[in-house]
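Here are some friendly notes to read alongside the structure. Please keep the view open as you go through the points.

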Amino acid sequence: MDTQEEVIVYARPDSLTKTNTHYCPGCTHGVAHHLIAEVIDEMGLRERTIGVASVGCSVFAYNYMNFDFVQAPHGRAPAMATGVKRVFPDKVVLTYQGDGDLASIGMAEIVHAAARGENISVFFLNNANYGMTGGQMAPTTLPGQKTTSSPNGRDVETQGYPIRASELLATLDGASYVVRRSLHDPKNIRLAKKAIRTAFEVQLRGLGFSMVELLSTCPTNWEMTPQNSLKWLEEHMIPYYPLGDYKVNPAVAEIKG
Amino acid sequence: MTRELWKGNNAIAEAAVRAGCAAYFGYPITPQTELLEYMSARMPQLGRAFVQAESELAAINMVYGAACTGTRVMSSSSSPGVSLMMEGVSYIAGTEIPAVLVDVMRGGPGLGNIAPAQSDYNQIVHGGGHGDYNLIVLAPSSVQESVDLTVLAFDLAEKYRSICVVLLDGSIGQMMEPAEMPPFQPLRTEYPDWAVTGAKDRERRFLSSIYLDPPQEEAANLRMLRRWQEVQANEIRYKTYYMEDAKFAVIGFGSSGRVALTAVRAARAEGIPVGLLRPITLNPFPEKVVEDLAKQVEGILVVEMNSGQMLEDIRRIAKGAAPVEFFARLGGIVPLPDEVLDEIRRLAKGPLTLEGHPRDRWLARMGTLN
């Protein structure tokens, strides 16, 4: 009988701790964590990175990331990151925020961090609802989408329209790199990883504010199987939140090239 | 060093710079704005961090982030802005990290006005944010004392991993007085063993106020409380004037205490045996001093620029050992020495009572004032 030699083709990044996940089965937070950790490993940034966790399902991001972390009040991660970065301009500072955190309660903080050209990297998980509190309507909830606080579907007449954060932030001169990617299939996951890398490159070169929006799933609160939720993301979220580069400073274009 | 003429707000800013403040985050609000303006020029000049934030909410959370690095950091504001900061104050307290906050109080509630007041006493001394925590609170009554207490604030904040508030009213922030600046302290180059600085050659660290497991939160609460007992044991500060042979005592902090001192001196000139207690730490409060004083004197007059917020503490501590009377001006009005002198005369003349509430008697007298 032949013995086959085992070859590691895929390992846990050093930047991820050996901790069991608390995320629901099929949730894309784990994918996003993994991508960020892989990039930090590949770029050799682990020992100089300080993360800022937000409030929402990713409140425990610091449990999984094997580097220094602080935990912000709801929505205030960009302000807290500003405080860290201004004291330590040579460290790599990231925030990891959900859509309720970034696009609702923290809208002022994210807009002004971008407007100041704050030299931080923001990873923005958009899953169109408040996951941690059990699936309420978020600023990103699609028109007609049912949530526990829009039980008849989001009625734009009374509950307004979703906010496209990337498009909004891209209008600001301080924002250097603002893109939207998706985590619904392997091809898009690879594209997301490239964008995460570019965001860190932007920060390392001192080019200012960078944000990667990652369209994500929430199978539990969407009441779908993981597979169906990936499909729902593709069929419903991407038409409303088109993937693409919304702001690429000419200096950033050189990095990408 | 020579004494120079300094405006209160500017003096506090320069004192903070000299105390080694490496980062300042703030938002314009009268009567504190000069502090922010001073820092906007001074901090970049020294290569230090300055950000004019989009709101007080953002400013205090920038302070929170910077404080996590273990560096000396501060913000300043005035009453309505401080209300907005209460979220960050609670989080910083819950994370057990040091920061300095200056509150230059103005008339309220609501938008109120921009004139001097002391009506943030309860918010700062007895809480304001959610959860169990204590802030160290220092109350200066002059520009020089503002300078000295600002330097002390950084030391105490660091020593006890706590927020230290310098609490003054708008008149001290706005007035000019001679003051001597402290020597320049070097910026820190080493960081405490709890600070987030990047996990180089050590285990990762994280700073948070979250303890999802209730027994852990209880342990954190107890740890903070035991640390607070240390503060209570070591850091109480106050000043007494003419108390040795006093049969009557006035108690007032900050500008009220300063105005009362003028009145006490005038009363002494009239032969009234009255003294003054001016608490400098409002938290921890000089409780033992008040307790002893209540046993010594025949009557106490509390003077404040609020509706009797410290008065309730004095009544609680005095436990009826001496009758307490109250005088205040509200809404941004600073009491005049003559008004306080009249109150001292009333106190000395009697009759005094332990019945009723001193606030009610004062309010009845205010009816004839206005």
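**Notes on the model**

1. Let's begin in chain A, where helix 3 (residues 77–87) and helix 5 (residues 107–115) pack with their axes 7 Å apart, at an angle of about 40°. Helices here are DSSP runs of H or I with at least four residues, strands are E runs of at least two, and both are numbered from the N terminus. Axes are lines fitted to C-alpha atoms, for helices over the stretch in contact, and angles run from 0 to 180 degrees between N-to-C directions. Helix 3 of chain A and helix 5 of chain A are therefore oblique to each other (under 35 degrees would be roughly parallel, over 145 roughly antiparallel, 65 to 115 roughly perpendicular, and the rest is oblique).

2. A word on the source: this is a predicted model, in which local features need pLDDT of at least 70 and side-chain atom pairs count only at pLDDT 80 or more, while totals for chains, interfaces and linings use all residues. Residues are numbered from 1 along each chain as its sequence is written, and chains are lettered from A and ligands numbered from 1 in the order in which they are written.

3. Which residues of the two helices meet? A:P78, A:A79 and A:T82 of helix 3 of chain A are in contact with A:E109, A:I110 and A:A113 of helix 5 of chain A (contact means C-beta atoms, placed from the backbone, within 7 Å).

4. Now turn to where the chains touch: 29 residues of chain A are in contact with 32 residues of chain B. On the chain B side, helix 3 of chain B gives the most, with seven residues.

5. Chain B itself holds 13 helices and 15 strands. Its C-alpha trace spans about 70 × 50 × 40 Å along the principal axes.

6. Do look for the open sheet of seven strands in chain B, with the order 3-2-4-5-7-6-13 and mixed pairing. Strand 3 and strand 13 (281–283) of chain B are its edges, each pairing on one side only. Inside the sheet, strand 2 of chain B runs parallel to strand 4 (residues 73–77) of chain B, with two bridges between them. B:Y24 stands opposite B:M74 of strand 4 of chain B.

Notes:
Pairing = 2+ DSSP bridges.
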